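Thanks for coming. I will keep this short and stay with the structure on the screen.

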Amino acid sequence: MIVFDRLWQTLKEKNISQYKLIKEYSISTGQLDRLRKNGNVNTYTLDTLCRILDCDLSDIAEYKKTEE
């Protein structure tokens, strides 16, 4: 399972709010909602976030194994 817990910490460290992502960078509220819920997001969105935050993918996403 891919989780986006690191995204929120990286946003805080870079001093970028979710509001700023929506208003200045045109990230949709739907995409942010999917990220909050660890839902499906496309690679374009992840690429855009990495570019905005000047970070690596590992700074916003993490793969966690789930027990079956």
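What you see is a predicted model.

The loop residues come under one heading, which is phi. Most residues other than glycine have a negative phi. Asparagine 15 has a positive one, near 60°. Where does asparagine 15 sit? Its place is in the loop that runs between helix H1, residues 5-14, and helix H2, residues 18-25. The relative accessible area of asparagine 15 is 67%. The cut-off for exposed is over 50%, so asparagine 15 counts as exposed.

With a relative accessible area of 22%, asparagine 38 is partly exposed.

Now the helix pair, H2 and H3. How are H2 and H3 oriented to each other, roughly parallel or roughly antiparallel? Their axes are 10 Å apart, and the packing angle is about 150°. Angles over 145 degrees count as roughly antiparallel, so that is the description for H2 and H3. The crossing of the two helices is right-handed.

Which residues make the contact? From H2 they are Gln18, Leu21 and Ile22. From H3 they are Thr29, Leu32 and Arg36. By class, the contact of H2 with H3 has 3 nonpolar residues, 2 polar and 1 charged.

That is what I have for today.

Key. Residues are numbered from 1 along each chain as its sequence is written. This is a predicted model: local features need pLDDT of at least 70, side-chain atom pairs count only at pLDDT 80 or more; totals for chains, interfaces and linings use all residues. Side-chain values use heavy atoms; hydrogens and water are left out. Helices (H or I, at least four residues) and strands (E, at least two) are DSSP runs, numbered from the N terminus. Buried means under 20% relative accessible area, exposed over 50%, partly exposed in between (1.4 Å probe, protein chains only). Axes are lines fitted to C-alpha atoms, for helices over the stretch in contact, and angles run from 0 to 180 degrees between N-to-C directions. Angles under 35 degrees count as roughly parallel, over 145 as roughly antiparallel, 65 to 115 as roughly perpendicular and the rest as oblique. A crossing is left-handed if the near helix is turned anticlockwise from the far one by less than a right angle, and right-handed if clockwise. Contact means heavy atoms within 4.5 Å. Ala, Val, Leu, Ile, Met, Phe, Trp, Tyr, Cys and Pro count as nonpolar, Asp, Glu, Lys and Arg as charged, and the others, Gly among them, as polar.
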